[in-house]
Amino acid sequence: MRFCFLVEEHYRNDGMPLDVVRRLTEWGHRVDVLRPGSSLVDLAAEVRSGRHDAWVLKTVSGGPGLGLLEAAAAVGLTTVNDARSIRPVRDKAQAAVIAAHRGLPVPPTWAAVDVAEFAAIPEAHYPLVVKPADGSSGRSVHLVERPEELALLAGLVDGEGLLIAQPYVPNAGLDLKVYCAGGELFATERTSPLHPHHPHRERPVALGAEVAAVAAQVGEVFGLDLYGVDILLGPDGPVVVDVNDFPSFRQVPDAVSTVARTVVRLATNGSSWPSVTVPVQSVRAAS
């Protein structure tokens with residue numbers, strides 16, 4: 001098979017997905033790597049020609065790669081993940097609305113461009129976690145204990161665009177990350193960036209039935225086949241606090257071969273969710 005991987009500059013030396021590219025090549029597949037934003041892309045030759053069996057995206061939020069993937073899908077090409085499924089999870093405000101609408105356990109969510117607007121959130125909801133709606137890799141995530149701390153946060157989030165705020169979910173200081181590769185689930189835990197003074201920990205862990213059910217529902221709701229879910233084990237059970245398309249798969253045993261096999265299977269059979277629709281439009285226009 002022949003694949004086109006869209007890999008932006010941020011991931012040019014990253015093991016995921018470049019190790020997957022190497023593994024596919026070892027298995028006899030042809031893989032072309034495009035670097036949108038840092039190289040010239042001949043749209044007619046690369047997109048309209050239809051010479052690739054599938055296009056695979058590994059880019060930062062807000063990067064140009066997603067638009068190219070959507071262009072490939074628009075002319076009928078297979079994409080991994082389904083191109084319709086990625087933009088809704090890249091926008092955390094939109095993702096929170098969709099998740100709550102579809103019954104996933106998510107915290108209440110507020111959105112604003114000016115962090116000072118969060119002062120209108122009732123104090124009973126504090127502490128708050130504030131982060132960019134298009135954030136990734138833990139960028140600019142802040143814990144705000146009291147409303148008066150919002151003024152101190154202003155300089156740290158300037159230029160981040162739309163922000164979201166959610167009540168902090170009490171937990172043991174560990175984030176549970178569940179990865180999915182074509183329906184196969186893997187659980188890991190790591191020290192939360194909101195608890196940097198806790199001893200660092202990152203390791204595979206057993207996946208409980210309740211968490212597995214929530215993680216699988218995320219794939220169904222958003223139509224994702226390769227994804228990661230950040231879950232906190234709060235007082236009332238699992239809570240979804242973030243969803244990522246094509247994550248790092250860190251600490252997943254034999255992750256490279258697992259992801260490579262999934263890419264081949266999806267290129268052959270298509271997404272597990274062929275009729276996925278996203279019923280909620282982005283909230284950015286209303287913000």
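Student: How many strands form the open sheet with E11 and E13, and in what order?
Tutor: 5 strands, in the order E11-E10-E9-E12-E13, with antiparallel pairing. Strands here are DSSP runs of at least two residues (E), helices runs of at least four (H or I), both numbered from the N terminus. Two strands pair if DSSP finds at least two bridges between them.

Student: Which strands stand at the edges?
Tutor: Strand E11 (202–205) and E13. Each has a single partner strand, so one side of each is left without a neighbour in the sheet.

Student: Is this a predicted model, or what is the source?
Tutor: This is a predicted model: local features need pLDDT of at least 70, side-chain atom pairs count only at pLDDT 80 or more, and totals for chains, interfaces and linings use all residues. Residues are numbered from 1 along each chain as its sequence is written, and side-chain values use heavy atoms, with hydrogens and water left out.

Student: Back to strands. Over how many bridges do E9 and E10 pair?
Tutor: 8 bridges, in the antiparallel sense. E9 covers residues 174–181 and E10 covers residues 184–191. Cys-180 stands opposite Leu-185 in E10.

Student: What's the strand order in the open sheet of 4 strands?
Tutor: E5-E8-E6-E7, with antiparallel pairing. Strand E5 (110–112) and strand E7 (142–144) are the edge strands, each pairing on one side only.

Student: And what joins E6 to E8?
Tutor: 5 bridges join strand E6 (residues 128–132) to E8, and the two run antiparallel. Pro-132 stands opposite Leu-163 in E8.

Student: New topic: helix H6. Which residues are buried there?
Tutor: Leu-150, Leu-153 and Val-157 are buried in H6 (residues 150–157). Buried means under 20% relative accessible area, exposed over 50%, partly exposed in between (1.4 Å probe, protein chains only).

Student: What about the other side of H6?
Tutor: Ala-151, Leu-152 and Gly-155 are exposed there.

Student: How many cavities of 30 Å³ or more are there?
Tutor: The count comes to 1 cavity. A cavity is a set of points on a 1 Å grid over the protein atoms alone where a 1.4 Å probe fits but cannot get out; lining residues have an atom within 4 Å of a point.

Student: What lines the largest cavity?
Tutor: 16 residues; Lys-92, Ala-95, Ala-96, Val-241 and Asp-242 lie nearest its centre. Helix H5 (92–101), strand E8 (163–167) and strand E13 (237–245) each supply at least two residues of the lining.

Technical notes: 1 Å grid on protein atoms, 1.4 Å probe; cavity = no way out; pocket = protein on both sides within 12 Å on 5 of 7 lines; lining within 4 Å. Points joined across faces, edges and corners; volume = space filled by probe spheres on them.
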